[in-house]
Amino acid sequence: MHDHRKLGRELGLFDTDPLIGAGLPYWLPAGAIVRHSLEEYIRTVERQAGYQHVYSPVLGKRELYEISGHWAHYRDDMYPAMDLGGEQMVLRPSLCPHHALMYRARSHSYRELPLRMAELGAMYRSELSGVLGGLTRVRCIQLNDAHIFCTLDQVAEEVAGALALIGSAYRAMGISTERYRLSLPGASGKYVAAPDMWQQASKILCEVLDRSGVPYEAVEGEAAFYGPKIDVQVSDHAGRESTLSTIQVDFYQPEQFDLSYTGADGAKHRPVMVHRSIIGSVERAVAHLIEQHGGAFPAWLAPLQVAVLPIHEAERSAAIDLRDRCLAAGLRVQLIDAEAGSLAARVRETRLVPYQLILGPAETSNGEVAVRLRDGRRLPAQPMHAAVARIRALIESRDTRLWSE
Ligand SMILES: [Zn+2]
């Protein structure tokens, strides 16, 4: 495994500036492409799974977090309140309270449930500067978040659905997990007191995990303050473990916010909230992708997907034609001319680019191209349009294989 901080700088993915502050990285163009591709993927699979996307503000009044329980149980990790004309405003430590209010703002029938509300939004954590570095410990987090408001009967299926989304996302990203953890409350006072609620929520998570067949271990003292959770753990280059994805079952916040839906019996009932994140924070997910792949991202995530390399100056116009075909196919492509160096040097320089399309005199006269893959494989010359169509299909299907017939 590689250190994502070192590679992030070398590959022009992200950086920091002391004047912006520690723990507040900015994304350079290549990193912004990786992030954008990841966000686009998440929005697509969530839409297909019946989620509706929303946007909500990154701050709220202190009272909001008093109701949600964050102020009492989570304040050490929150930014101090800002005084704004006599009102205390807080940078949000999570998105849940906003989503709970958005749910509450309209009346809901049981027919609308499960109601799946998703947002890729910012939240803030007052990490001490000593532990900051790179993308893994940041003070402003872009979270791939969602809250599912549902009946008690629907909880298990929603948790299983979220677990399946996590599994397919990890396959598409080509990343491996360290372990699945069932995070239960510990003895400390940071958890809300409601023994029945904890027991019921833990039992549901346990049953879903057992049915799914993934190996997991139960660990006490790692739950959220309002409920138990499934955590998907990954390890960094130094072997430090952290949580990427998470699924939580919450009976507490629906109570705190007095959430309800109208049942088939015409009476008001309390929904359950399932909090879930498929890839966790965008920062941590990208850090893990960098470390796992050493910068050689799966093609659909690669900042540059195709390098067009004419062997001589004479193939330049064919190379421009090929580049334009790639652009028209929606591929991220760069033409690197013969004058930039020998072919070997240019191949070396673009070694992290999944596809190198090489044009010599023989290929050019036949309207063909020689395809070289990042892993060193050389494919026989093939028609330009066929090569471009094949690459496009592999990328669109988010295949982690570089080639398939
Ligand atoms: Zn939440």
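## Domains and strand pairing

The C-alpha centres of domain 1 and domain 2 lie 41 Å apart. The model is predicted. Domain 1 covers residues 4-293, and domain 2 covers residues 306-397.

Strands of a sheet pair through backbone hydrogen bonds, in either a parallel or an antiparallel sense. The pairings described here are listed below.

| Strand pair | Sense | Bridges | Residues opposite each other |
| E18 and E19 | antiparallel | four bridges | Ile358 and Ala370 |
| E19 and E20 | antiparallel | two bridges | Glu368 and Pro383 |

An open sheet is formed by three strands in the order E4-E6-E5, with antiparallel pairing. Its edge strands are E4 (59-61) and E5 (82-84), each of which pairs on one side only. From one strand to the next, the twist averages 40°.

Strand E18 runs over residues 355-359 and strand E19 over residues 368-373; four bridges link the two in the antiparallel sense. Within this pairing, Ile358 stands opposite Ala370 of E19. E19 also pairs with strand E20, residues 382-383, over two bridges, and this pairing is antiparallel. Here Glu368 faces Pro383 of E20 as its opposite residue.

Notes: Residues numbered from 1 in each chain as written. Predicted model: local features only at pLDDT ≥ 70, side-chain atom pairs only at ≥ 80, totals over all residues. Pairing = 2+ DSSP bridges. Domains from an automatic or database assignment. Axes fitted to C-alpha atoms, helices over the stretch in contact; angles between N-to-C directions.
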